[in-house]
Amino acid sequence: MPNKTPARRLTPGPDRDKVAQDLKEKYDSGASIRALAQETGRSYGGVHRLLEDAGATFRSRGGASRRTPS
């Protein structure tokens, strides 16, 4: 795993908007929030917040249902 520097805190402004839009494009293309968090060195919650601010429509969690049919 390559050495990455920790992501710096983004204050509101054009830099934050650009990062949020870039993340939204990747998320809309199919990347998971966890993958984006790992790629950028940000927390899951931080990426989720940036996506929310960018207006992303979140996918459902998916996965197999744990309920068994009656």
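This is a predicted model: local features need pLDDT of at least 70, side-chain atom pairs count only at pLDDT 80 or more; totals for chains, interfaces and linings use all residues.

Biologist: How many helices and strands does the chain have?

Modeller: There are 3 helices and 0 strands. Read from the N terminus, the order of elements is α-α-α. Of the chain's 70 residues, 20% count as buried.

Biologist: What is the span of helix 1, and what is it set against?

Modeller: Helix 1 has 15 residues, and from first C-alpha to last it reaches 21 Å. The expected value is 1.5 Å times one less than the number of residues. For helix 1 that expectation is 21 Å, and the model comes close to it.

Biologist: Which residues of helix 1 are buried, and what puts them on the same side?

Modeller: The buried ones are Arg-16, Ala-20, Leu-23, Lys-24 and Tyr-27. They cover an arc of only 105° around the axis, and therefore share one side of helix 1. Pro-14, Asp-15 and Lys-18 are exposed on the other side. The cover over the buried residues of helix 1 includes helix 2 and helix 3.

Biologist: Lys-24 is a lysine on that list. Why is Lys-24 called buried?

Modeller: Because its relative accessibility is 18%, and the cut-off is under 20%. Lys-24 lies in helix 1, residues 14-28. Apart from neighbours within four places in sequence, Lys-24 is in contact with Leu-51, Ala-54, Gly-55 and Ala-56.

Biologist: What makes Asp-28 and Lys-24 a salt bridge?

Modeller: The test is a Lys or Arg side-chain nitrogen within 4 Å of an Asp or Glu carboxyl oxygen. In this pair the closest N and O atoms are 2.9 Å apart, so the pair passes. Asp-28 and Lys-24 are about one helical turn apart, because 4 residues separate them in helix 1. Asp-28 has a relative accessible area of 45%, which means that Asp-28 is partly exposed.

Biologist: How many salt bridges are found in the whole structure?

Modeller: The search finds 4. One of them joins the side chains of Asp-53 and Arg-16, at 2.7 Å from N to O. This pair links distant parts of the chain, with Asp-53 in helix 3 and Arg-16 in helix 1, 37 residues apart.

Biologist: Why does Arg-16 count as buried and Asp-53 as partly exposed?

Modeller: Arg-16 has 16% relative accessibility, so it counts as buried. Asp-53 has 47%, and therefore counts as partly exposed.

Biologist: Which residue pairs with Lys-26 in a salt bridge?

Modeller: Glu-39, with 2.5 Å from N to O. The two come from distant parts of the chain: Lys-26 belongs to helix 1 and Glu-39 to helix 2, 13 residues apart. Lys-26 is partly exposed because its relative accessible area is 36%. Glu-39 is partly exposed too, because its value is 40%.

Biologist: What makes a set of residues a nonpolar core, and which residues form the largest one?

Modeller: The members must be buried, of a nonpolar type such as Ala, Val, Leu, Ile or Tyr, and joined through side-chain atoms within 4.5 Å. The largest such core has 11 residues: Leu-10, Ala-20, Leu-23, Tyr-27, Ile-33, Leu-36, Ala-37, Val-47, Leu-50, Leu-51 and Ala-56. Helix 1, helix 2 and helix 3 are the elements that give two or more residues to this core.

Biologist: What does Ala-37 contact, leaving aside its neighbours within four places in sequence?

Modeller: Ala-37 is in contact with Arg-42, Ser-43, Tyr-44 and Val-47.

Biologist: Where is a positive phi found just after helix 1?

Modeller: At Gly-30, with a phi of about 120°. Gly-55, which follows helix 3, also has a positive phi, near 85°.

Notes: Residues are numbered from 1 along each chain as its sequence is written. Side-chain values use heavy atoms; hydrogens and water are left out. Buried means under 20% relative accessible area, exposed over 50%, partly exposed in between (1.4 Å probe, protein chains only). Contact means heavy atoms within 4.5 Å. The arc is that of the directions from the helix axis to the C-beta atoms.
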